[in-house]
Amino acid sequence: MSENQSQLHDTPARYGTVSRFFHWTMAAILAWQFATALSHLLLEDTAIESFLWGTHKVVGLLLIVLVVLRGLWSLRNRGHRPPSLSPMANLGHLALYLLMIVVPLIGLLRQYGSGRAFEPFGIPLMPGFEGDRIEWMMAPGFLHSWLGWLLLAMVVGHIAMVFIHRRRPRDEDVLARMLGDRQSGPSRVS
Ligand code: HEM
Ligand code: HEM
């Protein structure tokens, strides 16, 4: 593998450029998405809400596209990614992936079932339809919101764990492998 290729792919010591790009880009876009949801919950009928909430559906669509690509890339790199620190960490990452897929999927399902047109970036993704809403598609609405807040809670826990590992002398500093510090080895015991 050439030097350039080896930087693109993950290795057991660190995440490669592509995985890091997905991780940090999605973290920033998800932060925006949570800001839109919080504005809808707490700042209804304000200028801030009308600005932020107006982007919720289109940003949600962008996130589901990104997470599918990211999931495929992580499968391609399976076997030579940095190992999880514990089975719990592995499960936590899996749960984050599941929620990043299920939450926007339910949003899109409800959008279709509502019969209203959805044309993100001018692309006629859902033309809409006349007549009654499709009730079974609309039903999991509360799940979209609750799982969305669960995702936020899990992200907060995820960030807390990163700093807990950094402070524990016997744990590996996992932040280094996601920041792409090429000096970082597979373990840091001090
Ligand atoms: C990862 C992506 C997404 C996240 C994290 C997310 C999160 C949330 C959260 C937390 C709420 C609750 C807001 C509140 O309590 O006021 C919400 C509401 C909503 N979301 Fe999403 N969402 C995402 C994607 C989408 C998508 C793709 C659509 C549709 C195309 C969508 C449509 C809606 C709608 C219509 C509501 C309002 C529901 C209501 O007020 O009953 N969301 N979302
Ligand atoms: C919306 C926010 C976030 C989500 C959904 C998220 C999700 C994930 C996922 C799924 C992984 C597993 C590796 C992968 O497949 O990409 C991961 C790894 C990691 N994340 Fe995040 N992350 C978020 C924000 C953050 C933030 C803000 C930090 C920094 C404090 C952070 C630090 C890390 C580190 C250090 C790893 C590597 C962990 C390890 O190798 O065991 N993440 N993240």
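Analyst: Buried means under 20% relative accessible area, exposed means over 50%, and partly exposed lies in between (1.4 Å probe, protein chains only). This is a predicted model, in which local features need pLDDT of at least 70, side-chain atom pairs count only at pLDDT 80 or more, and totals for chains, interfaces and linings use all residues. Residues are numbered from 1 along each chain as its sequence is written, chains are lettered from A and ligands numbered from 1 in the order in which they are written, and side-chain values use heavy atoms, with hydrogens and water left out.

User: How many helices and strands are there in the protein chain?
Analyst: Helices (H or I, at least four residues) and strands (E, at least two) are DSSP runs, numbered from the N terminus. From that end, the elements run α-α-α-α-α-α-α-α. The count is eight helices and zero strands.

User: What share of the residues of the protein chain is buried?
Analyst: The C-alpha trace spans about 65 × 35 × 30 Å along its principal axes. Of the 190 residues in the chain, the buried share is 36%.

User: Which histidines coordinate the iron atom of ligand 1?
Analyst: Donors are N, O and S atoms within 2.8 Å of the metal (3.2 Å for Na, K and Ca); water is not among the atoms, so sites may look incomplete. Two NE2 atoms of the protein coordinate this iron atom at 2.0 Å. They belong to His56 and His144.

User: Which helices does this pair link?
Analyst: The two histidines are 88 residues apart, so to speak in distant parts of the chain. His56 and His144 are both buried. The helices are α4 (residues 56-76), which holds His56, and, for His144, α7.

User: What is the arrangement of the six donor atoms around the iron atom of ligand 1?
Analyst: Six donors count as octahedral if opposite donors are over 155 degrees apart and all others between 65 and 115. Here the angles are 88 to 180 degrees, which makes the arrangement octahedral.

User: Which residues are closest to ligand 1?
Analyst: A residue is near a molecule if one of its heavy atoms lies within 4 Å of it, and 19 residues surround ligand 1. A polar side-chain atom of His40 is 3.4 Å from an oxygen atom of the ligand. The closest residues are Gln33, His40, Trp53, His56 and His144.

User: Where is Asp45 found?
Analyst: Most residues other than glycine have a negative phi. Asp45 has a positive phi of about 60 degrees although it is not a glycine. Asp45 is exposed, with a relative accessible area of 72%. It is found in the loop between α2 and α3 (47-53).

Conventions
A polar contact is a pair of N or O atoms within 3.5 Å; within protein, one must be able to donate a hydrogen and the other to accept it, and residues adjacent in sequence count only if both atoms are side-chain atoms. Four donors count as tetrahedral if all angles lie between 85 and 135 degrees; four count as square planar and six as octahedral if opposite donors are over 155 degrees apart and all others between 65 and 115; anything else is irregular.
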